[in-house]
Amino acid sequence: MTDFRTLDDLNPAGKRVLVRLDLNLPLQNGKVTDMTRLERSLPTLKELASKGAKVIVMAHLGRPVGTDKTLTLAPIALALKEALVPLPVHFCEGPQVLKGIEALGPGEILLLENIRFVPGEEKNDPAFAQEMAQWGDVYVNDAFSTAHRAHASTEGIAHLLPSYAGRLMEEELHALHMTLDNPKRPLMAIVGGAKVSTKLPLLENLLSKVDILVMCGAMANTFLAALGHDVGASLYEPDLISTAKGLLDKGREILLPVDVVVAQDLKDPYPRTCMIHEVKKEDKIFDIGPATVSHIYHKMSSSHTLLWNGPLGVFETLPFDHGTNAVAQAAAHLTREGSIVSVAGGGDTVAALAHAGVVDDFTYVSTAGGAFLEWLEGKPLPGVLALLKKR
Ligand code: ADP
Ligand code: MG
């Protein structure tokens, strides 16, 4: 962690500070429907503004090909303005960037139009990064969620200006460091979700690092089948049975469901809880059962660090949220009590933890999605590497 410069190392007064944020907010009819990412970006913005920086914000929305007015950051600018009252927030488009920056006073914020409108951004074009470097005196990256992409505003620019991690980036890197690089052991990982195929690199990396791996969700079905259990009509991946066997043979402690909640389909009014050997041909497994929850809780109580990705059942459809809720609440309880450090991430995982009402009780919940998963896979993240102090 000492390898990064943070805002503690920067006196931004009077400087033009170029800040990369994740403001890729969900919109419906031009209105922001979830402010989480914007709210998480506020500490860095407020700190820089209060220290007298001229703050220039770069961000993207969606995946435009060239300029695409349906993906303008105008609604985001409005939301940002409201969130930062009484700070002055300006918004400007391509050709006016230089003028907008010149007019900027200390403590003021300028949001630039969708940075992906510029073709050089996603190509990490050195010429565009050079142009960008003219806009600021220093660079702050606070967008961990785009750190798995080497783009001009996330990677190229960091080699051209003195670079710093923003507060959110710092928090995220700290949480990740505490869980996989330097965890207080025993370290438990919980992996759930739908498919083994999308999580193979992640499972391989985790198995080499954790003390115990809990596998639930539909992906556990493939492992149960590999052990010779009949998973009935459940979702599973027959092609991956031999891969699953290989992972099970790695000699790590792996906890799989011992009981499950099954139904004919998601609308079946009579779901049934049964032991894994009692699953019938026509049954579909949609959740873990109470005995499995209690096994997980038992192991979690003797762990000191928990890393979680992937819901344990089809939590979006009640009552198949029970298993995920119960384990989430157990983790929240052990975290509040100070006996575990808990870090979770993944798009659906965040939704599941929000549904269980425990997001604020976890030590850290990452909203980074792809970057979080790539980090779990052990891949180097270009946006993070570029921030490392050059010796
Ligand atoms: P994340 O986005 O957090 O990485 P995933 O995308 O891997 O998580 O998995 C989430 C999905 O897995 C959810 O939509 C959930 O309904 C599904 N899922 C979990 N358990 C099961 C199951 N037993 N059967 C079918 N789908 C499941
Ligand atoms: Mg998902």
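Asn29 is exposed, with a relative accessible area of 80%. This residue of the predicted model has a positive phi near 50° without being a glycine.

- Asn29 sits in the loop between β2 (27-28) and β3 (31-32).
- Asn124 is not a glycine either, yet its phi is positive, at about 55°.
- The loop that holds Asn124 runs between α4 (119-123) and α5 (126-133).
- Asn124 is buried, with a relative accessible area of 18%, whereas Asn29 is exposed at 80%.
- Asn124 counts as buried because its 18% falls under the 20% cut-off, and Asn29 counts as exposed because its 80% is over 50%.

- Pro86 belongs to the loop between α2 (74-84) and β5 (89-92).
- Pro186 is in the loop that links α6 (167-181) to β9 (187-191).

**Shell around ligand 1**

- Ligand 1 is surrounded by 17 residues, and the closest of them are Lys199, Ile285, Glu316, Asp348 and Thr349.
- Sorted by class, the shell around ligand 1 consists of seven nonpolar, seven polar and three charged residues.
- Three elements each contribute at least two residues to this shell: α8 (217-226), β14 (284-288) and α12 (347-356).
- α12 provides the largest share of the shell around ligand 1, with three residues.

**Backbone contacts and cover of ligand 1**

- A nitrogen atom of ligand 1 lies 3.1 Å from a backbone N or O atom of Ile285.
- For Ala218, a backbone N or O atom is 3.4 Å from a nitrogen atom of ligand 1.
- A polar backbone atom of Gly347 is 3.4 Å from an oxygen atom of ligand 1.
- Of the 580 Å² of accessible area that ligand 1 has on its own, the protein covers 83%.

Technical notes:
Residues are numbered from 1 along each chain as its sequence is written. Chains are lettered from A and ligands numbered from 1 in the order in which they are written. This is a predicted model: local features need pLDDT of at least 70, side-chain atom pairs count only at pLDDT 80 or more; totals for chains, interfaces and linings use all residues. Side-chain values use heavy atoms; hydrogens and water are left out. Helices (H or I, at least four residues) and strands (E, at least two) are DSSP runs, numbered from the N terminus. Buried means under 20% relative accessible area, exposed over 50%, partly exposed in between (1.4 Å probe, protein chains only). A residue is near a molecule or strand if one of its heavy atoms lies within 4 Å of it. A polar contact is a pair of N or O atoms within 3.5 Å; within protein, one must be able to donate a hydrogen and the other to accept it, and residues adjacent in sequence count only if both atoms are side-chain atoms. Accessible areas come from the Shrake-Rupley method with a 1.4 Å probe; for residues, only the protein chains shown count as cover. Ala, Val, Leu, Ile, Met, Phe, Trp, Tyr, Cys and Pro count as nonpolar, Asp, Glu, Lys and Arg as charged, and the others, Gly among them, as polar.
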